Amino acid sequence: MDTLYSFRRCPYAIRARMAIFKAGIACQIHEVSLRNKPQALLDISPKATVPVLHCADGRVIEQSLEIMQWALAQHDPDAWLKSCDQPDNLQLLSINDGVFKHWLDRYKYFERYP
């Protein structure tokens, strides 16, 4: 069975879980304590950030957008993949994964970014 390493409040883990749920894929979700990451996660993903999907076939997918694409490629009942190709949606994804992520990290990890 596929295993998703996740953290409940991470927006990127949330979108990965959302796509897996929408696609109707049975997946074991392993809630990660960010202060005490499981060795199994560290073994498959040296960067050890969430989300990380460990597929039953041994493949490891470490980016939320790639996890979404993987899930929706299997079953996409609302044509989310098709809508991702629309220019407005591509721009929104770019902002979310670029500028927004930059400032989100500085807000969440203010100790690292004075």
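Two strands are said to pair if DSSP finds at least two bridges between them. Helices (H or I, at least four residues) and strands (E, at least two) are DSSP runs, numbered from the N terminus. The model is predicted, so local features need pLDDT of at least 70 and side-chain atom pairs count only at pLDDT 80 or more, while totals for chains, interfaces and linings use all residues. Residues are numbered from 1 along each chain as its sequence is written, and side-chain values use heavy atoms, with hydrogens and water left out.

**View 1. Strand E1 and its pairing with E3 and E2.** E1 pairs with strand E3 (residues 52-54) in the antiparallel sense over three bridges, and His54 is the bridge partner of Thr3 in E3. Five bridges join E1 to strand E2 (residues 27-31) in a parallel arrangement, with Thr3 opposite Gln28. The β-α-β crossover from E1 through H1 to E2 is right-handed (clockwise from the first strand over the helix to the second, with the strands pointing away from the viewer).

View 2. Five of the five residues of E1 (residues 2-6) are buried, so the strand is largely enclosed by the rest of the structure. Buried means under 20% relative accessible area, exposed over 50%, and partly exposed in between (1.4 Å probe, protein chains only). Asp2, Leu4 and Ser6 cover one side, and Thr3 and Tyr5 the other.

**View 3. Arg15 in helix H1.** Arg15 lies in H1 (residues 11-23) and counts as buried because its relative accessibility is 10%. Beyond its neighbours within four places in sequence, Arg15 is in contact (heavy atoms within 4.5 Å) with Ser64, Leu65, Met68, Leu93, Asn96 and Asp97.
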